Amino acid sequence: MIGCAPLGQPPAASPSPAAQPGAPDGSGRPGPSGSAPGPASRPAAPRVSSAGTPRDYRQDAATHLYAANAERIYPGRLPPNLYAIGVLEVELDRQGQVQRLHWMRAPSHAPEVVREIERTVRAAAPFPQPARLGRVRYVDTWLWHRSGRFQLDTLSEGQD
């Protein structure tokens, strides 16, 4: 079960190397800079999405966000307690430009996370064009670690 923890709690044990696929040296650990696996570790988002449903489009959007923020993705399995969890609905036009962001569940205890997620989504535009859908609204859950790194539920590697 996903939980939230205040910043003041001691960090959970770091994920085991075996649970962190995609490291450049094959060890499972992030590279020397301490960053998450780079864009080469994750599939590139298509410039045009052929998704037929908003749920299918969510996969393309999440892949696009990961590619645009590779150094900010939390590597491996998430710890049991997270700093913030938010559920965000994103509305895109047919060119993949953000039209509207609507919080279905905002992490109200962490307004700085709300602002950063909104900034991150807007900065990632344009998203893959939803060719079959025209305009699209999709929902994803943001899993935010106290380090400022995150995973999206759609592409999450799980949680301890």
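Modeller: Let us start with a facing pair: Gly86 stands opposite Trp142 in β7. Strands here are DSSP runs of E of at least two residues, helices are runs of H or I of at least four, and both are numbered from the N terminus. This is a predicted model, in which local features need pLDDT of at least 70, side-chain atom pairs count only at pLDDT 80 or more, and totals for chains, interfaces and linings use all residues. Residues are numbered from 1 along each chain as its sequence is written, and side-chain values use heavy atoms, with hydrogens and water left out.

Biologist: How many bridges join β4 to β7, and in which sense do they run?

Modeller: Strands of a sheet pair through backbone hydrogen bonds, either parallel or antiparallel. Here β4 and β7 run antiparallel and are joined by 9 bridges, where pairing requires that DSSP finds at least two bridges between two strands. Strand β7, residues 136-144, also pairs with β8 in the antiparallel sense, over 3 bridges, and Trp142 stands opposite Leu152 in β8. In the hairpin of β7 and β8, with 5 residues between the strands, Gly148 takes a positive phi near 95°.

Biologist: In what order do the strands form the open sheet?

Modeller: The order of the 4 strands is β5-β4-β7-β8, with antiparallel pairing. Because β5 (98-105) and β8 (150-152) stand at the edges with a single partner strand each, one side of each is left without a neighbour in the sheet.

Biologist: Which helix packs on the sheet, touching β4, β7 and β8?

Modeller: That is helix α1 (residues 54-68), whose direction makes about 50° with that of β7; contact means heavy atoms within 4.5 Å, and angles, from 0 to 180 degrees, are taken between N-to-C directions of lines fitted to C-alpha atoms, for helices over the stretch in contact. Helix α2 (residues 111-123) lies across β4, β5 and β7, running at about 150° to β5.

Biologist: Which residues line the largest cavity?

Modeller: Rolling a probe the size of a water molecule over the atoms shows where empty space is left. A cavity is a set of points, on a 1 Å grid over the protein atoms alone, where a 1.4 Å probe fits but cannot get out, and lining residues have an atom within 4 Å of a point. The lining consists of Leu65, Leu88, Val90, Val121, Tyr138, Asp140, Trp142 and Leu152, and its largest share, 3 residues, comes from β7.

Definitions and conventions
On a 1 Å grid over the protein atoms alone, a cavity is a set of points where a 1.4 Å probe fits but cannot get out, and a pocket is an open set with protein on both sides within 12 Å along at least five of seven lines; lining residues have an atom within 4 Å of a point.
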